[in-house]
Amino acid sequence: MSITIEDGIGKRSLVVDSFPSLVDADIDRMYRESDETSLIYHRCNEPDEGDDGLDVIPKFVKKLSNVKHLKLWGFIFETLEVENVLATSFPTFINLVTLEVSIIKAQQVRTLFSFLQFSPNLESLVFGRVIFPDEVNEDTLTLDVVPYCLLRHLKSVEFQDFEGQLSELDLVQVFLQNAGVLQSVILGISSHSFVNSQKKKRTAEDVEDFSNKIMEQLLMYKWASTDCVIKFSTSPFSSPKPKGSFKYVL
């Protein structure tokens, strides 16, 4: 069984009981982008002004606890934090092995880590795009408790649109330093990585030079898994795509 929601739902239009046989769930957008900011603002600044429908999201996400492959929008993690469900009554996603986060902001990453506490058997984590501000709070990328999946089961982490920012490197290092059985980290090199280049067209040599510089940074720290391989590829969001994929083994 599969379910897909990709263009928003009404605040009170979804009624479900459970999905005991659910395999794949693609919950890319539960609210349209124009509604997201106003909903969070309303809940944080006017909490006593009645039901705004924001609790629809955590209630629905709870129903997906049997899913094996899940794709979410970063805004969903923000609503889980606002509703405080991860600290109170949240189910364990015991069957979840693959989690893909299409777009997530830096301030939502900490809640993602909390969500991973309820995904003990996760093996693969994919970031479509991580959006970082100019300055990132140091607590944003800090693990208070290392999720069990990082210690025992997480084998692959992929960043599909990697620009090479310092904050991105810090996030990659979180996984390298804590994921004990990690086998691969895949970095899809974004076209934005070369935005300051004077060249009109980047070459395979440019990409390889960029990859080498990133590896120098990543090798400055001790990795939890000695079997981990770093793979560089081209981002699916990049155009044009240079040929080549680069692998580095610790």
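The secondary structure of the protein comes to 7 helices and 9 strands, where helices (H or I, at least four residues) and strands (E, at least two) are DSSP runs numbered from the N terminus. This is a predicted model, in which local features need pLDDT of at least 70 and side-chain atom pairs count only at pLDDT 80 or more, while totals for chains, interfaces and linings use all residues. Residues are numbered from 1 along each chain as its sequence is written, and side-chain values use heavy atoms, with hydrogens and water left out.

Of the 250 residues in the protein, 47% are buried; buried means under 20% relative accessible area, exposed over 50%, and partly exposed in between (1.4 Å probe, protein chains only). Contact means heavy atoms within 4.5 Å. Among contacts between residues at least 6 apart in sequence, 75% join residues at least 24 apart.

Helix α3 (residues 74-83) and helix α4 (residues 106-116) have axes that come within 8 Å and cross at roughly 75°. Axes are lines fitted to C-alpha atoms, for helices over the stretch in contact, and angles run from 0 to 180 degrees between N-to-C directions. Angles under 35 degrees count as roughly parallel, over 145 as roughly antiparallel, 65 to 115 as roughly perpendicular and the rest as oblique. The helices α3 and α4 are therefore roughly perpendicular to each other. On the α3 side the contact is made by Gly 74, Phe 75, Phe 77, Glu 78, Leu 80 and Glu 81, which meet Gln 107, Gln 108, Thr 111, Leu 112 and Phe 115 in α4. By class, this contact of α3 with α4 has 5 nonpolar, 4 polar and 2 charged residues. Here Ala, Val, Leu, Ile, Met, Phe, Trp, Tyr, Cys and Pro count as nonpolar, Asp, Glu, Lys and Arg as charged, and the others, Gly among them, as polar.

Helix α3 is mostly covered, with 8 of its 10 residues buried. Among them are Phe 75, Ile 76, Phe 77 and Leu 80, and also Glu 78 and Glu 83. In α4, 8 of the 11 residues are buried, so this helix is largely enclosed by the rest of the structure. The buried residues of α4 include Val 109, Leu 112, Phe 113, Phe 115 and Leu 116. Their cover includes β3 (69-72), α3, β4, β5, α5 (148-152) and α6 (166-178).

Just after α3, Asn 84 takes a positive phi of about 60°, in a residue other than glycine. Asn 84 lies in the loop between α3 and β4 (98-105). Its relative accessibility is 42%, so Asn 84 counts as partly exposed.

The count comes to 1 cavity of 30 Å³ or more. On a 1 Å grid over the protein atoms alone, a cavity is a set of points where a 1.4 Å probe fits but cannot get out, and lining residues have an atom within 4 Å of a point. Grid points are joined across faces, edges and corners, and a volume is the space filled by probe spheres set on the points. The largest cavity has a volume of about 40 Å³. Its lining consists of Phe 127, Gly 128, Arg 129, Val 130, Phe 159, Gln 160, Asp 161, Phe 162 and Glu 168. Strands β5 (124-131) and β6 (156-162) each supply at least two residues of this lining. By class, the lining has 4 nonpolar, 2 polar and 3 charged residues.

Lys 213 is found in helix α7 (residues 204-218). At 49% relative accessibility, Lys 213 counts as partly exposed. Lys 213 and Gly 164 are 49 residues apart in sequence and 9.3 Å apart in space, C-alpha to C-alpha.

Key. 1 Å grid on protein atoms, 1.4 Å probe; cavity = no way out; pocket = protein on both sides within 12 Å on 5 of 7 lines; lining within 4 Å.
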